[in-house]
Amino acid sequence: MTEPKWLNDEERRAWLRLVSLNVLLPSALEAQLKRDAGVTLFDYHVLAMLSDADDHTRLMSDLALFTNASLSRLSHVVTRLVKQGWVRREAHPGDGRATNVVLTEAGQRHLDEHAPAHVAEVRRLVFDAVDPDQVGVFADQVGRILDAIDPDGRHQREA
């Protein structure tokens, strides 16, 4: 058995910071969303992905893939969002066994109302801490990590 290639001091420092970021950033963003919009970060992500989609519609299976959620978890979230009037379920016109999730006008209004505060929080927590001249480099480095985790890009969205 070969000795593992241990992290050097700089790699270990970067790794521990990345782990801390992975733990702290979602909870910080979620606190703002719960306080201001009454939704979780995951709820907001689902609504935003529907807002970005053609006709504000996505297949439930695609939505599960892009949110890295099980169909069961996503189904529970969609049920809650349906009760809020923010989304609706529809049979897929080409495949009656498949389900579309559609963002309603009320859901779009909710996003429109709360997106500015969310974006301000993202800017405060992330982009205000990054040198503006380095945002492209930052995006490229994060992209390389994502590509190592998800080489075929099935879970990734590009703007």
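Student: What makes H2 and H4 roughly perpendicular to each other, given that they pack at an angle of about 80 degrees with their axes 11 Å apart?

Tutor: In this predicted model, where local features need pLDDT of at least 70, side-chain atom pairs count only at pLDDT 80 or more, and totals for chains, interfaces and linings use all residues, the angle of about 80 degrees falls in the range of 65 to 115 that counts as roughly perpendicular, and therefore H2 and H4 are described in that way. Axes are lines fitted to C-alpha atoms, for helices over the stretch in contact, with angles from 0 to 180 degrees between N-to-C directions. Residues are numbered from 1 along each chain as its sequence is written, and side-chain values use heavy atoms, with hydrogens and water left out.

Student: Which residues of H2 and H4 meet?

Tutor: Phe 42, Asp 43, Val 46 and Leu 47 in H2 meet Arg 73, Leu 74, Val 77, Arg 80 and Leu 81 in H4, contact being heavy atoms within 4.5 Å. By class, these residues are six nonpolar, no polar and three charged.

Student: What is in contact with Val 46, leaving aside its neighbours within four places in sequence?

Tutor: Val 46 is in contact with Leu 63, Thr 67, Leu 74, Val 77 and Leu 81. In the largest nonpolar core, which has 23 residues, Val 46, Leu 74 and Val 87 touch the most other members, such a core being a set of buried Ala, Val, Leu, Ile, Met, Phe, Trp, Tyr and Cys residues joined through side-chain atoms within 4.5 Å, and buried meaning under 20% relative accessible area with a 1.4 Å probe and protein chains only. H2 gives the most to this core, with seven residues.

Terms used: Buried means under 20% relative accessible area, exposed over 50%, partly exposed in between (1.4 Å probe, protein chains only). Helices (H or I, at least four residues) and strands (E, at least two) are DSSP runs, numbered from the N terminus. Angles under 35 degrees count as roughly parallel, over 145 as roughly antiparallel, 65 to 115 as roughly perpendicular and the rest as oblique. Ala, Val, Leu, Ile, Met, Phe, Trp, Tyr, Cys and Pro count as nonpolar, Asp, Glu, Lys and Arg as charged, and the others, Gly among them, as polar.
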